[in-house]
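Please look through the structure below.

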Amino acid sequence: MATTRDLPSSFHLLAKPTGAVCNLNCQYCFFLTKEQLYPGSKFRMTDEMLEEYLRQYLQAQRIPEITIAWQGGEPTLMGLDFFRRSVELAEKHKPARATLQHTMQTNGTKLNDEWCSFFKEHNYLIGLSIDGPPDMHDVYRVDKGGRPSSARVLRGLEYLKKHDVDVNILCTVHAANGDHPREVYRYFRDDLEAQFIQFIAIVERDNETGFQEGDTVTDRSVGAEQYGQFLSSVFDEWVRRDVGSVFVQIFDIALAAWVGAPPALCVFSPTCGTALALEHTGDLYSCDHFVEPDCFLGNITEAPMVELVASEKQRKFGQDKLDTLTRYCQECSVRFVCHGGCPKNRFIETPDGETGLNYLCAGYKAFFIHVDRPMRIMASLLRKNQAPAEIMEIEARLQAALSRARPSDPCPCGSGRLSKDCHASGAP
Ligand code: SF4
Ligand code: SF4
């Protein structure tokens, strides 16, 4: 039996007020099929459930800043009044002295002045899904009629900018944009003037259930090596000119690991289990990626949310991330930052035949090895209370020295190898 001693001091919860219902029909979306879990449902969180959720969730948090996160499906389909009520109810039920951070992940197509002025007034952080320039975005992000969505998304972004709302670009990396890292990144940085970017690998299981089953992926999925090359190319551009002005989530996570700080994302943590998902009915699941019967914890109107979060089942879900780590991962040189990645992607075999290696392993490994030298430099700058952005000057000096170095000279990077065996051979 779980006790409140088993409850983490905080946990994260993605609430889905419209369940899986969305006005778009993105072809790689892992969530649209979840509609089948609730046949006959209206897919709208009731006002009673909204208050019950917020009351239980907010009272369970023992940290000064609490995040209330909305996701879908497409949450804006609930209409603005639902979110106005959510802000009022959250103020009513929040612990004394706690501050609230509201966030929403949206496809942006429904945004207008009214939405964006509300977001600004309540300091919402908006995660906006854009997969790169329109020709790449529109390959998979289409509406129910198969029509492209980019023009509507970009109009939404204009409203967000007009009202000065904080925006985080959520870019999935897949077969259609995976070979164009610089083009995608420069589009976000130069055309959209994005400051915060998250890259999310599309690893879409090829099955009929929509659950995390089977060991084949669709041809929309990004390749593992392709993903590693994508991240490495973006990193090379970023580290030479954008450190301190553009924030890319996986680069921040890597730097934290090189500094020895705890990871801010479950995917790169040793264990997980504190990022749950709440359906419109009050059904609580272990994780947004495991909204499926095996990971159903209970309904918050039948059992207190805190008991479900602290339950043996949920603790096992989180601990399994560590306990099922392959020997190959345990012995890996970049385990300290990777931790085997998300269990949802652990369905391939290690070179010696052990099951449960992450499909993205080859990409993660290549990327984390690629960034090792600059990460060490930035970590050392941070330890000396200097800005990591100073690395841009260091890199510029290195590039100048590299251009002068002959193949038989010691490599200017200080590796101790000859230039021809180091940077002149294309090493990072
Ligand atoms: S299963 Fe993956 S996404 Fe879900 S909590 Fe664990 S690491 Fe995070
Ligand atoms: S890079 Fe691969 S082997 Fe290393 S920890 Fe990550 S998934 Fe495991």
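Predicted model: local features only at pLDDT ≥ 70, side-chain atom pairs only at ≥ 80, totals over all residues.

Around ligand 1 lie Cys266, Val267, Cys272, Ala275, Cys287, His289, Lys321, Cys342, Pro343 and Lys344. Sorted by type, the shell around ligand 1 has 7 nonpolar residues, 1 polar residue and 2 charged residues.

Helix α13 (residues 361-370) also packs against another helix, α7 (residues 224-241): their axes come within 6 Å and cross at roughly 25 degrees. An angle under 35 degrees counts as roughly parallel, and α7 and α13 are therefore roughly parallel to each other. Their crossing is right-handed. On the α7 side, the residues in this contact are Ala224, Glu225, Tyr227, Gly228, Leu231, Ser232 and Phe235; on the α13 side, they are Cys361, Ala362, Gly363, Tyr364, Ala366, Phe367 and His370. By type, the residues of the contact of α7 with α13 divide into 9 nonpolar, 4 polar and 1 charged.

The axes of α7 and α15 are 6 Å apart, and the two helices pack at an angle of about 105 degrees. Angles of 65 to 115 degrees count as roughly perpendicular, so α7 and α15 are roughly perpendicular to each other. Here Val239, Arg240 and Arg241 in α7 meet Ile391, Met392 and Glu395 in α15. The residues of this contact comprise 3 nonpolar and 3 charged, with no polar ones.

Next comes the chain as a whole. The protein chain has 15 helices and 12 strands. Its radius of gyration is 22 Å, close to the 22 Å that the globule rule gives for 428 residues, so the chain is as compact as a globular protein of that length. Taken along the principal axes, the box filled by the C-alpha atoms is roughly 75 × 50 × 45 Å.

Two details of the backbone remain. Most residues other than glycine have a negative phi, and most peptide bonds are trans. Where is Phe43 placed? Phe43 sits in the loop between β1 (12-15) and α1 (47-60). Although Phe43 is not a glycine, its phi is positive, at about 55 degrees. The other detail is a cis peptide bond between Gly72 and Gly73, with omega about 5 degrees. Gly73 is in the loop between β2 (65-70) and α2 (80-93).

Key: Residues numbered from 1 in each chain as written. Chains lettered and ligands numbered in written order. Axes fitted to C-alpha atoms, helices over the stretch in contact; angles between N-to-C directions. Helix = DSSP H or I, 4+ residues; strand = E, 2+ residues; numbered from the N terminus. Parallel < 35°, antiparallel > 145°, perpendicular 65-115°, else oblique. Left-handed = near helix turned anticlockwise from the far one by under 90°. Contact = placed C-beta atoms within 7 Å. Nonpolar A, V, L, I, M, F, W, Y, C, P; charged D, E, K, R; others polar. Near = placed C-beta within 6 Å. Rg over C-alpha atoms; globule rule 2.2 N^0.38 Å.
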